[in-house]
Amino acid sequence: MTRRGTVSPIIRMSTNIATTPAYMVELGSSIGSIYILDLAEVRVKQESEWEPKLLGFLCKWCSYAGADLAGTSRKKYPANIRIIKVPCSGRVDPLFILKALRLGFDGVLVSGCHPGECHYQTGNYRARRRIAITKKFLEYMGIDPQRIQASWVSASEGGKFAEVVAEVTKELKEIGANQLFADEK
Amino acid sequence: MKNREMEQRLRHEAKTWLEEGKVDYVIGFEPGSLKFTTTPLITKDKDDIDRLVINPFMVNNLSVYLTEIKGRVGIVAKGCDSRSIISLIQDNQVVREDIIIMGIPCPGLIDLSKVELWLGRDRDELDDITRDGDRVVIMVDGKERNFSATEVLFDNCLSCEFPTPQEYDVLLGETSSLVADKIASRDKIKKLEGMTSEQRWEFWKGEFNRCLRCYACRSVCPSCFCKQCFVDESQPQWLLPVPRWQDNLMFQIIRNIHVAGRCTDCGECERICPVNIPLRSLTKKMYELVGDLFHYQAGMDKSAPPVLTAYEYTDAEDFIR
């Protein structure tokens, strides 16, 4: 179940995106060292103009291309999403989802090919089971299931991608900031 | 068959296996150093075989040793243990032909902490505990105290569906009757389900504040067979080894997802936890979720693929946009 020898996409991402908050950049540049997540402080600073942060794991064959299409066809969607390209939605380990929430993301979106259209034949079917169990189990733990989202977006569905991101962002705004792992002051 | 007779038969069989070279090792239970306890016995020596016992205190799930021992093994297995063995076979961790399973129809195990709670006495002060059908008789201060079995059995035994081993080569005794109290065994989960999600999160936060990250739950779990656990990885370092509640909680959530569809609700993690975190409220819930979502029960069919590596075209996807 545990995968070895791979560099975490979450950590890799933190060097890619200019808008990544300071605490994540710090994590990325000092792998292995002790980091302190002072989410509460970050929130205070951001309270006035709080915007949810959504992490998207997009499958390289469908959803990532769909997001590309949304861009090239000038579809507007909220800039709240940070995207990590994965080879397949089946690559998304429940650990990635939880780690993202642990780092302070307000929501996670896993997006892949429609059933029957997976480039590797069955990856999205496996992802479907994993996300289902993760979502239900985290709900039982006390995490709002709305924070874990999934969608099927094909390479030709740029419009759908824009809609999904808009809907999810709207819902996350309603639930509010992710304070799950924050230490009480 | 009485425990005494079962013991005799077990010793006889185990000795024969060792003498005939059918197995390299025998794994069973011997009396522990404390009253009313047993400890695992792993031996190659047939002189040790006479120490093997069968009683209502053999709590350990011995299948956890199968992945570590090289060679052919004869193993004593209760209902839940046998399911863990099947689960290991499904995951290609154990070869069926390499093991001989001595199945024990298990009438449920006695939880000493429940006994202590009922009597208000320490386990050392008790003289004798005997199980007789659905009654448990405890001798204390020369007096006889009578309990219904449902009052003193482990919670996971109360929700046991398969007391008789699902896979065995030799079965000791007849199929055992079930003493179950499904409602009582689910009490804690029901209470949690009744809470709001904030209350639940606060509850688990409080529980995992105590966690020492001793990883006893991982060591004792037959389903936790990864050569390297994600917790021990340093590049990437998924979580810190420092026992802070955030990381403790994350460790346990992911551990539960990893053993989903493998966990047979043997209750070992909860029993072993040195700070009494109610881990079975997680594993049992996961067990139920796997049943509800995928109509699957762990450790029932050794030819079935593990549930999270398999899929059905018809799996529910109402949560996907």
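## Chain B: fold and dimensions

Of the contacts in chain B between residues at least 6 apart in sequence, 68% link residues at least 24 apart. This is a predicted model. Chain B contains 12 helices and eight strands. Its radius of gyration is 20 Å, close to the 20 Å given by the globule rule for 321 residues, so chain B is as compact as a globular protein of that length.

The C-alpha trace of chain B spans about 60 × 50 × 40 Å along its principal axes. Buried residues make up 43% of the 321 residues of chain B.

## Interface between chains A and B

At the interface, 37 residues of chain A are in contact with 37 residues of chain B. On the side of chain A that touches chain B, α5 (94–103), α6 and β4 (148–152) each supply at least two residues. The most comes from α6(A), with 13 residues. By residue class, this side of chain A divides into 20 nonpolar, seven polar and 10 charged.

## Helix pair α6(A) and α12(B)

Helix α6 (residues 123–141) of chain A and helix α12 (residues 280–294) of chain B have axes that come within 10 Å and cross at roughly 135 degrees. Because of this angle, α6(A) is oblique to α12(B). The crossing of the two helices is right-handed.

From α6(A), the contact is made by Arg129(A), Ala132(A), Ile133(A), Lys136(A), Phe137(A) and Tyr140(A). The residues of α12(B) in this contact are Lys285(B), Met286(B), Leu289(B), Leu293(B) and Phe294(B). Eight of the residues in the contact of α6(A) with α12(B) are nonpolar, none is polar and three are charged.

Methods. Residues are numbered from 1 along each chain as its sequence is written. Chains are lettered from A and ligands numbered from 1 in the order in which they are written. This is a predicted model: local features need pLDDT of at least 70, side-chain atom pairs count only at pLDDT 80 or more; totals for chains, interfaces and linings use all residues. Axes are lines fitted to C-alpha atoms, for helices over the stretch in contact, and angles run from 0 to 180 degrees between N-to-C directions. Helices (H or I, at least four residues) and strands (E, at least two) are DSSP runs, numbered from the N terminus. Angles under 35 degrees count as roughly parallel, over 145 as roughly antiparallel, 65 to 115 as roughly perpendicular and the rest as oblique. A crossing is left-handed if the near helix is turned anticlockwise from the far one by less than a right angle, and right-handed if clockwise. Two residues are in contact if their C-beta atoms, placed from the backbone, lie within 7 Å. Ala, Val, Leu, Ile, Met, Phe, Trp, Tyr, Cys and Pro count as nonpolar, Asp, Glu, Lys and Arg as charged, and the others, Gly among them, as polar. The radius of gyration is taken over C-alpha atoms; the globule rule is 2.2 Å times the number of residues to the power 0.38. A residue is buried if 20 or more other C-beta atoms lie within 10 Å of its own, exposed if 12 or fewer, and partly exposed in between; C-beta atoms are placed from the backbone.
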